[in-house]
Amino acid sequence: MLGRLVERRLTYRHYYWASEVSFDKGTPQERRIDYVGFKPFTPNYAVEPASVELGTFVCYEVKSCMADFTSGNGLTF
């Protein structure tokens, strides 16, 4: 249920998003994030090459209970 709420929020805010995204793959610092969203920078709804460079990333880590939150997993990013 919590994941669906995050997905709905990202979709409503017009983000391109993916779930279970790995960062630093193949390194000792590898980590996985539940949801990553990207929104291109489009002032006046004009899409330009800089729209990708100036876009915004958001990351969401879903915690379903206090034990999950205090476990230390997923709190390092």
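In which strand is the place of Glu20? The points below answer this and then consider the chain as a whole, in a model that is predicted.

1. **Glu20.** This residue has its place in strand β1, which covers residues 16-23. Although Glu20 is not a glycine, its phi is positive, at about 50°. Its relative accessibility is 42%, so Glu20 counts as partly exposed, the class that lies between the limits of 20% and 50%.

2. **Tyr45.** A positive phi is also found at Tyr45, which is not a glycine either; here the value is about 60°. Tyr45 belongs to the loop between β2 and α2, the latter being residues 50-53. With a relative accessible area of 78%, Tyr45 is exposed, because the limit for that class is over 50%.

3. **Overall architecture.** The protein chain contains three helices and three strands. Along the principal axes, the C-alpha atoms fill a box of roughly 45 × 30 × 15 Å.

4. **Burial and surface.** How much of the protein chain counts as buried? Of its 77 residues, the share is 17%. The protein chain exposes about 6100 Å², and carbon and sulfur atoms supply 57% of that area.

5. Among the contacts in the protein chain with a separation of 6 or more, 35% are made by residues 24 or more positions apart.

6. Phe57 is found in strand β3, residues 56-60. Is Phe57 buried or exposed? Its relative accessibility is 57%, and Phe57 therefore counts as exposed. When neighbours within four places in sequence are left aside, Phe57 is in contact with Val36, Gly37 and Phe38. The C-alpha atoms of Phe57 and Phe38 are separated by 4.6 Å, although the two residues are 19 residues apart along the chain.

7. **The aromatic pair.** A pair of aromatic rings is described by the distance of the centres and the angle of the planes. The count of aromatic pairs in this model comes to two. In one of them, the rings of Phe38 and Phe57 have centres 4.7 Å apart and planes at 45°, so this pair is tilted. The pair links distant parts of the chain, since Phe38 lies in strand β2 (residues 31-39) and Phe57 in strand β3. The two partners fall into separate accessibility classes: Phe38, at 14% relative accessibility, counts as buried, whereas Phe57, at 57%, counts as exposed.

8. **Phe69.** Which helix holds Phe69? Phe69 lies in helix α3, made up of residues 66-70. Its relative accessible area is 44%, so Phe69 is partly exposed. Phe69 and Gly3 are 66 residues apart in sequence, and their C-alpha atoms are 15 Å apart in space.

Terms used:
Residues are numbered from 1 along each chain as its sequence is written. This is a predicted model: local features need pLDDT of at least 70, side-chain atom pairs count only at pLDDT 80 or more; totals for chains, interfaces and linings use all residues. Side-chain values use heavy atoms; hydrogens and water are left out. Helices (H or I, at least four residues) and strands (E, at least two) are DSSP runs, numbered from the N terminus. Buried means under 20% relative accessible area, exposed over 50%, partly exposed in between (1.4 Å probe, protein chains only). Contact means heavy atoms within 4.5 Å. Accessible areas come from the Shrake-Rupley method with a 1.4 Å probe; for residues, only the protein chains shown count as cover. Rings of Phe, Tyr and Trp (its six-membered ring) pair if their centres lie within 6.5 Å; planes under 30 degrees apart count as stacked, over 60 as edge-to-face and the rest as tilted.
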